[in-house]
Structure formats: C-alpha cells, structure tokens
Amino acid sequence: MARGAFGRSDAEIDLLVRGMRSGIAVVGFGYIGTVIGAVLADRGWPVTGIDVRQSVVDDINMGRTAVAEPGLSEMVANAVRMGRLRATTDFSAIADNDFVIVNVGTPLGPDYEPIVDDIKAAARALGEHLQPGHVVILKSTVPPDTTETLVRPILEETSGLRAGVDFGLAFCPERLAEGQAIHELTSIPVVVGAVDECSARACATLWRHALGVESVIVEDPRTAEMVKLADNVWVDLNVALANELAKICDKLGMDALQVIDAANTMPKGSGPVNILRPSMGVGGYCLTKDPWFVNHLGQSLGLDLSIPRTSRTVNDTMPGYSYSLLEQLLADQGKTVAQSRVAVLGIAFKNNTGDCRLTPTKYIVSLLEESGCELSIHDPWVADEEALSVTSIPMTADIESTVKDADALVVLAGHREFHRIPLTRLAELTTPKCVFLDGRNSFDPAAVRAAGFIYKGIGR
Ligand SMILES: NC(=O)c1ccc[n+]([C@@H]2O[C@H](COP(=O)([O-])OP(=O)(O)OC[C@H]3O[C@@H](n4cnc5c(N)ncnc54)[C@H](O)[C@@H]3O)[C@@H](O)[C@H]2O)c1
C-alpha cells in the first residue's frame, strides 16, 4: 500500500494511526524535535529523525542525546534499543513515512527580524522527496503567512505536487515549556491550522492517537502561526508585570509571592487572574525572541507596538537588578562583591534543564567575573561545552565544593539537586551569615533563614 495519510478517508487514517503503522519523520532533531521524536517513539510509533548535524544523528543512533530535559535520555536510549527511533542526514528517508514534522530553528537577525533560512533549506530538501499522501506539519515558530507563502511554494515547486490536493500541509505550533516538555507534549491541546480540511483532520487524528491530546482547529495556517506568538507575548508580558510588582514589593518590604498568590484568586473573564512569578530574568529560545517577531511584524504593518518592546525591556533589566540586590545584601554585611567568595548554583535559563541559550544568568555571571570576586559555579544539568557559552570559568564538579567558604550563595536556576542537599549542610559549608540570593524564588525563605542564611528572593 502507498504511504501517506493525506487523501484517505477519516476511517482509513484512524486505522492507520491507531494501528501505529504510521511512520513519522521528524525534521530538525534539536530540542523540540528530540522531545517530539522520543515521545512518539516511546508511544510505539516508528520515528526517523532527520538533521543536518552529523553529530546529532550519530548521538541518536547510539541511543544518546545532548538535550538535557528530565526523562529524555532514558526515553531516547530505550526507543533506539527497541528499534523505534533512528536518525539520518538523508532526506530520502521521508519516503518511508506518512507524516513529516518540521522543527528547525528560527533565530533572530541583527534587526530582531526572524531568520527563516533553515525553514527554506528544510522545505527544499523535503520537497525533493515528497510524495502524494504525505502530510507535512510545520512546528517551528514563524511569522504569520510563512506556511502559505514560503513553505508551500517551495514544497510545490520542488516536488511538482500540490498542497491540499496531493499532499497535506499544516502549521501546528509547539507550545511546550522546557523542563516539563515530555509531560506538556502529551497534555496540551495542539492548535492546527491547515491549508485544507483533509490536512486538518489528518493532523487531529494523529495528535489524538499519537499523543493523546485534542486539537483546536483554526481557520488557516496563518491563524495558528499567530496563536503561538500571542501565547509567548502573553507569557513575556505577564512575567514583566510580575517583575515590576516584585521591584515595588522589594522597596516596600513585602512578599511579592503572597501578593501574587492572593491576587490570583480573583475571577476575571473566563478564569482567575493569573500573574506569573518574578525571577532574575527571562531566557531561552522562545520568550527572548518571539515578542521581537511580533514587534517586527507590527513595524512591517506600519504599527508602532509598545507591548512586546516593553516586556522585553523590563525582563532584560532583571539580571542587573538582581545583581544590585546581591551588592546590597553583601553591603549590609559590611562586604563588597569584589572581596567576597561567591558561589553560583545553576546557569541554565530554566530550572531542571541544561539549556543555556540566551540565558539571563550570563549577565550576572559576567558582572561577577568583572567584579573580581572569588567565583565558583556549578550546574549539574549543563554540559561543560554548553557552559562555555556562559563563562570561561570551569564549573566545579559538585555542590559541596562549590559552596565551601562562600560569603554569598546565588541561585540562578532552581534545579531539584539544589533542594536535595539539606539547607543546614549548606550552612555548615559556607561562612557564618552567608547571604542567599534566590534568583528563582524556588526556596522557602523561612527555611533558608532558619538554617542561618541572610535570605533574599526577587520581590521577597
Ligand atoms: N525550545 C523550546 O522550548 C521551543 C518551544 C516551542 C517552540 N519552539 C520553536 O521550535 C523551533 C525549534 O526550536 P529548538 O529549540 O528545537 O531549536 P534547535 O536549534 O534546538 O533545533 C533545531 C534543529 O534543526 C536542525 N536543522 C537546521 N537546519 C536544518 C535543515 N535544513 N534540515 C534539517 N535539520 C535542520 C539543527 O541542526 C537543529 O538540530 C524554533 O522555531 C523554536 O522557536 C521552541
């Protein structure tokens, strides 16, 4: 039987997908691609990862991944051992699959414009091997109209086939958050914007059976593309709000988390107020760029938007603000940063991930380096090679040697390992009246103070 889910009846697609006979090619095996590929393989689907990086392909075929996400390494190792996951640089592998999910990167250019070169290259390579029946699903975050006006023409020209007639095409944004990616992939509804109804139904069937999640079908790919940007503008803006509330609470000597938790009990619209948490900064590959995509989009439409710019600006102040909190904490103890021994715990941009892309921790670490203080750094999630993007100081191998004799503990990622060591043990290892800057508000202030530290969180 010819491959492909497009053009079949709903019952046939249902049977094909439910019987797990559907092969799925995942193009772009970076953070998102590896999570999607591993989860689909774990749930029984034959998955082929396609990436231009030979090292990524070699790693996967050896059952390994450099993507540091809770539970992912075990999942990859198991899926490869079971023969359900393999990787290649050869796009002709697409021919053996029914669905092709594209997750290549979309970085920012020098003028904060989206760079879609990898999307173009992937579409060209994919188009050369596209066959009738394939369903192509773009998941990379892109500006509205990318699927219809960039990807579709490339696929059609290189394959000689027509989207919505010979093959299916849809945009389904990826909305998972790093650190809880595996859980979120199998619990968050998928937004589907397809070029035609048949593609939309094929996607919805795939997501229902493959991931156990429902789909929210919107009118077209451009609407789905806008949904992703709307989500991320909301998150960045909401965090900016929390961060400014935290700055006020710091001045007033109040606990911003108590304010936010109580404020969040007020019903509004279709749910309660939902102010997120303040922190020492926002980083990673999505929130730092997607609001700029929207700002750039506004400019291209002749609009002078202020929200995306404002939220980015506010959140970008937080590393410097947090550093000033540290200076004040030490000054209250009669010390300067320069004279102190400072232990940094965590440099990833987020708790329980090893991702240092665009991490706000880099700014604080740079300020510490410039201060001339005695600095030690530890992050159990970050590989040494990845750490080089943040600091040239070699990371210390374990928590105990990192914090030994420290005047200041600076928690920049609230990894679970930092919560496993008893606070009393940390207090024994550090100097008396050691200051404790909790940049992620991930510790209980009372417990940290009870252990003997001078605690300060962001807004608390
Ligand atoms: N990281 C996140 O949390 C997250 C969440 C939601 C959405 N997204 C979006 O998903 C997309 C992917 O993000 P990521 O974090 O996985 O990026 P990434 O950089 O980790 O992965 C991209 C992968 O694509 C590969 N690639 C580049 N060009 C290729 C080509 N022509 N053919 C095949 N492979 C190619 C790269 O080698 C890399 O492995 C981005 O658009 C991002 O905005 C990311």
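1. Let me start with the aromatic cluster: Phe-436, Phe-443, Phe-453 and Tyr-455 come together as one. Ring pairs here are Phe, Tyr or Trp (its six-membered ring) with centres within 6.5 Å; planes under 30 degrees apart count as stacked, over 60 as edge-to-face and the rest as tilted. The structure has four aromatic pairs. Phe-436 and Phe-453 are both buried (under 20% relative accessible area, with exposed meaning over 50% and partly exposed in between; 1.4 Å probe, protein chains only).

2. A word on provenance: this is a predicted model, where local features need pLDDT of at least 70 and side-chain atom pairs count only at pLDDT 80 or more, while totals for chains, interfaces and linings use all residues. Residues are numbered from 1 along each chain as its sequence is written, and side-chain values use heavy atoms, leaving out hydrogens and water.

3. The charged end of Lys-289 sits over the ring of Tyr-285, 4.8 Å from its centre, and Lys-247 lies over the face of Tyr-321 at 5.4 Å from the ring centre. The criterion is NZ of Lys or CZ of Arg within 6 Å of the ring centre and within 35 degrees of the ring normal.

4. Now the five-stranded sheet, which is open, parallel and ordered S12-S11-S13-S14-S15. Strand S12 (374–378) and S15 are at the edges with a single partner strand each, so one side of each lacks a neighbour in the sheet. The twist averages 15° from one strand to the next. Strands pair if DSSP finds at least two bridges between them; strand S11 (residues 341–345) and S12 have five, in the parallel sense. Ala-343 stands opposite Ser-376 in S12. Helices (H or I, at least four residues) and strands (E, at least two) are DSSP runs, numbered from the N terminus.

5. Helices pack on this sheet too. Helix H12 (residues 307–332) touches strand S13 (408–411), S14 and S15, its direction making about 165° with that of S14. Helix H13 (residues 361–371) lies across S11 and S12 and runs at about 150° to S12. Axes are lines fitted to C-alpha atoms, for helices over the stretch in contact, and angles run from 0 to 180 degrees between N-to-C directions.

6. Another open sheet has eight strands with mixed pairing, in the order S3-S2-S1-S4-S5-S6-S7-S8. Its neighbouring strands are turned by 25° against each other on average, direction ignored. Four bridges join strand S7 (residues 190–194) to S8, and the two run parallel. Val-192 has Ile-217 in S8 as its bridge partner.

7. Finally, helix H4 (residues 72–81): which of its residues are buried? They are Leu-72, Met-75, Val-76, Ala-79 and Val-80. These residues cover an arc of only 125° around the axis, which puts them on the same side of H4 (the arc is that of directions from the helix axis to the C-beta atoms). On the other side of H4, Glu-74 and Arg-81 are exposed. The buried residues of H4 pack against helix H2 (31–42), helix H3 (54–61), strand S3 (85–88) and helix H7 (181–185), with contact meaning heavy atoms within 4.5 Å.
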